[in-house]
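Subject: Structure handover and findings

Dear colleague,

Please find below the sequence and structure for your review.

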Amino acid sequence: MHKVFILFFTFVLINADEIVDTNLVKVDFEERIKTENIQKVTLKKLLKQKNQLFLSNYLLKKYYKNHNYKPFFISQFSIKPMAYTLINEIKNDQVLKPQLKLYFDIKNIDKQLNETESNPSSENLIKLDNKLISIYHKYMLLLSRGAIDWERFQEELEKIKQEEEIIYYWEKYFARKNIRRLLYEAVKFDDINIAISKVNYTFPQAKVLANRIIQLEELLENGGYTKVPNLKRTLKKGNYYPEITLLKKRLQEDNYININFDCKNDENLEVIKIDKNTSTTILNPNPENDCEELFNEALYLNIKKFQKHNGLVADGIVGKNTISVLNKPIEEQINTMRINLERMRWMPRDLGKKYIIVNIADFTMKMYSNNEKILEMEVIVGDKKHPTPIFSHKMSEIILNPYWRIPQSIVQKEIIPNLVQNPNYLQEEDINIHENWDHDSTIYDMNGIDWSIFLDNDIMADDEYAPMRFIQIPGDKNPLGRIKFLFPNKYSVYLHDTPYKYLFSETNRAFSHGCIRLSKPKELLKVIAQEETKIDLDKSEEILKEKNRVDIELDTKIPVHIVYLTSWVDENGIIQFRDDIYNLDKIQEKILYNQESY
C-alpha cells in the first residue's frame with residue numbers, strides 16, 4: 001500500500017505540468033468560444049447598420065453567411081498577416097500607384113490598422129474585418145476587369161471615328177472568377193495571393209515588367225538617366241567622340257553592361273579622332289589616353305541591342321532618332337510600362353497550352369507551346385487608317401489557295417475608282433463579280449458598264465444592299481497569298497500569306513487594311529502540322545502550286561491573341577519599347593490617370 005502511494009505521488013509530480021496544461025487548454029478553449037460568440041454577435045449587429053464601405057451590407061452579409069459568420073482577416077485578438085499582405089499588394093500595384101488615392105483611402109486604412117493593433121476590442125476587430133473585405137472586393141474587381149473607365153475610352157474612340165473616319169476595335173476580357181469563393185480559399189491556406197493570382201494578369205513576364213518600374217523609380221529619385229547631348233552629326237564605330245563617355249554611362253543605366261565598355265586593352269585602338277572644337281577628323285597621337293571617347297566594337301554591339309529593343313533600325317549608328325529615345329524621360333517610360341500592364345489585365349487569363357501572340361506595335365507574330373517560344377516572324381498589320389482590331393479568338397481552319405472576298409469598303413474606295421480609270425482592271429487582277437459571296441455562285445458579265453455611276457453614292461460600300469460581290473481568284477496576284485489561317489470573327493480579320501514580300505524589310509510595317517500578313521506562312525503551317533494529322537506537308541506543297549482551293553479543319557483549335565503592347569518583357573528578360581503607331585497610349589494614359597490633356 002505504501003509503495004502504491006509513492007508511485008501514485010511520483011506519477012502526479014511527473015505529470016503535474018500536463019495536468020495544468022490540460023486545464024489551461026480547457027480555459028483557452030472556453031475563452032476562444034466566448035470570444036467567437038462575442039465577435040459573431042458584434043458582426044450581426046454591425047451588419048444591420050448602414051456602413052460607409054465600398055460593399056453594400058447585402059454583399060458583405062453574403063461573404064459572412066457562407067463563412068459561418070466567421071471573420072476573414074482577424075483572429076480572436078489580433079490582425080492576421082494576410083491583412084497586411086493585402087494592403088501591401090495594393091500599395092505596390094504598379095498600375096494603380098499614380099492614382100491610388102482615387103481608389104483606396106490608404107491613410108485611413110493604415111490608421112485603422114494601427115488603432116486596432118493598439119485596442120483589439122471585438123468591435124474594432126470586426127469593423128476592421130468589414131473594411132478589409134470591402135477593400136479586397138474592390139481590388140479584385142480592379143484586377144479582374146482593369147482599372148480604366150472603359151466607357152470613356154470607347155467614347156474617345158467614337159470621337160476619332162466621327163472626326164477622322166478611323167475605326168478602332170478593342171475587346172476587353174474579364175477574369176470570370178467568383179471572388180468570394182477565392183477569399184474562402186485564401187483564408188483556408190492563410191494566403192491572400194492565392195486569390196489575387198487567379199484574377200491578375202498572366203501575360204508572360206508581366207511581373208518582371210512591374211518590378212522594372214520599381215527599379216526605374218529608384219533611378220528617378222537619384223536624378224534619372226544621364227542626358228546625352230543632341231548631335232550635329234552621327235556617331236559611327238571606330239571614331240573618337242566627346243559624347244561617348246556619357247553614351248556609355250547612359251547605356252549602363254539601362255543594364256547594357258553584358259559587354260565590357262572598357263577600351264584600355266583594345267588592340268585595335270584607332271589613331272583617328274574627331275576634334276572637339278571643329279568636329280573635323282585629325283590624327284590622334286595618344287589613342288590609349290583618349291580611349292574612353294572611342295566608339296569601339298563593344299559599344300557598337302550594345303547600341304545595336306538598344307536600337308532593336310526600342311524598335312529602331314539596328315544599324316549601330318547613333319543619330320537623332322537613337323539620341324531621342326536615349327533621352328526619353330524616365331517618367332514617360334514608366335507611364336508606358338504601366339499602361340501596358342493595365343492592358344495585360346484586359347486579356348484572357350488562360351492564353352492556352354499552345355497559342356499565338358500577334359503584337360501590332362511590334363509587327364511580329366510569336367507562337368508558344370507551354371509558354372516556350374517555338375516560332376517567330378515579321379508581320380504586316382493595319383495602317384493608321386485601317387487599324388487591326390485587338391481581340392482574342394481561336395484558329396479553326398487553314399485554307400490553301402484562298403479566294404479573296406473583297407470588302408465592300410475597299411470596293412467603294414479603291415476598286416470602283418480603278419475601274420473608272422481602267423475598264424480592264426478586273427481581268428488584269430483576276431477579279432470576278434458574283435451574285436453573292438460564294439465563289440461558285442453566278443458570275444456577272446459587267447463589260448461595257450459605266451462604273452462612274454457608283455462614284456457619287458455609297459451603295460457599293462453597303463454590305464447588305466450592294467448589288468454585287470467582288471471575289472479575286474487564288475493565285476499570285478491575290479493579296480491573301482497562298483495560305484490563309486482562319487479564326488472566324490466579326491471583324492473578318494485573319495492571318496495570311498502575301499505576294500508583297502518586299503514590305504517585310506521595312507521597320508514600320510503598318511500597310512494592310514486590318515488583316516495580318518505573315519512573312520513565313522509555310523513555317524506556321526509546318527509547326528501546326530506537327531500535331532495535326534490532317535496536314536500532309538508534301539501534299540500541301542503540291543496543292544500550293546495549283547489554284548484549287550483546299551480547306552483543312554483543325555482538330556485542335558489554336559488561341560490567337562492580337563495585342564497592342566508598346567512595352568513588355570521578352571523571353572530573355574529584356575524590356576522592350578515600341579512606337580505608339582495608333583496613338584492610343586496617350587488616350588489611355590489620360591483616362592487611366594485622370595489627366596486633363598494629352
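The lining of the largest pocket receives at least two residues from each of β7 (404–405), α16 (408–421), β9 (469–472) and β10 (483–486). Helices here are DSSP runs of H or I of at least four residues, and strands are runs of E of at least two, both numbered from the N terminus. With seven residues, α16 gives the most to this lining. A pocket is an open set of points on a 1 Å grid over the protein atoms alone, with protein on both sides within 12 Å along at least five of seven lines; a cavity is a set of points where a 1.4 Å probe fits but cannot get out, and lining residues have an atom within 4 Å of a point.

The model is predicted: local features need pLDDT of at least 70, side-chain atom pairs count only at pLDDT 80 or more, and totals for chains, interfaces and linings use all residues. Residues are numbered from 1 along each chain as its sequence is written, and side-chain values use heavy atoms, with hydrogens and water left out.

The largest pocket has a volume of about 1700 Å³, where a volume is the space filled by probe spheres set on the grid points, which are joined across faces, edges and corners. Its lining comprises 49 residues, and H386, P407, S409, I410 and H513 lie nearest the centre. By class, 25 of the lining residues are nonpolar, eleven polar and 13 charged. In this scheme Ala, Val, Leu, Ile, Met, Phe, Trp, Tyr, Cys and Pro count as nonpolar, Asp, Glu, Lys and Arg as charged, and the others, Gly among them, as polar.

The second largest pocket has a volume of about 760 Å³. Of the 29 residues that line this pocket, K308, G311, D362, T364 and R578 lie nearest its centre. α13 (297–309), β4 (364–369) and β5 (372–382) each supply at least two lining residues, and β5 gives the most, with four. The class counts for this lining are nine nonpolar, eight polar and twelve charged.

The largest cavity has a volume of about 110 Å³. It is lined by 15 residues, of which W170, M347, I390, I562 and V563 are the closest to its centre. Both α15 (330–344) and β14 supply at least two residues of that lining, which has twelve nonpolar, one polar and two charged residues. The second largest cavity, of about 40 Å³, has a lining that includes F153, W170, I390 and Y582.

β14 runs antiparallel to β6 (residues 392–400), joined by eight bridges, and V550 is the bridge partner of L400.

Yours sincerely

Technical notes
Pairing = 2+ DSSP bridges.
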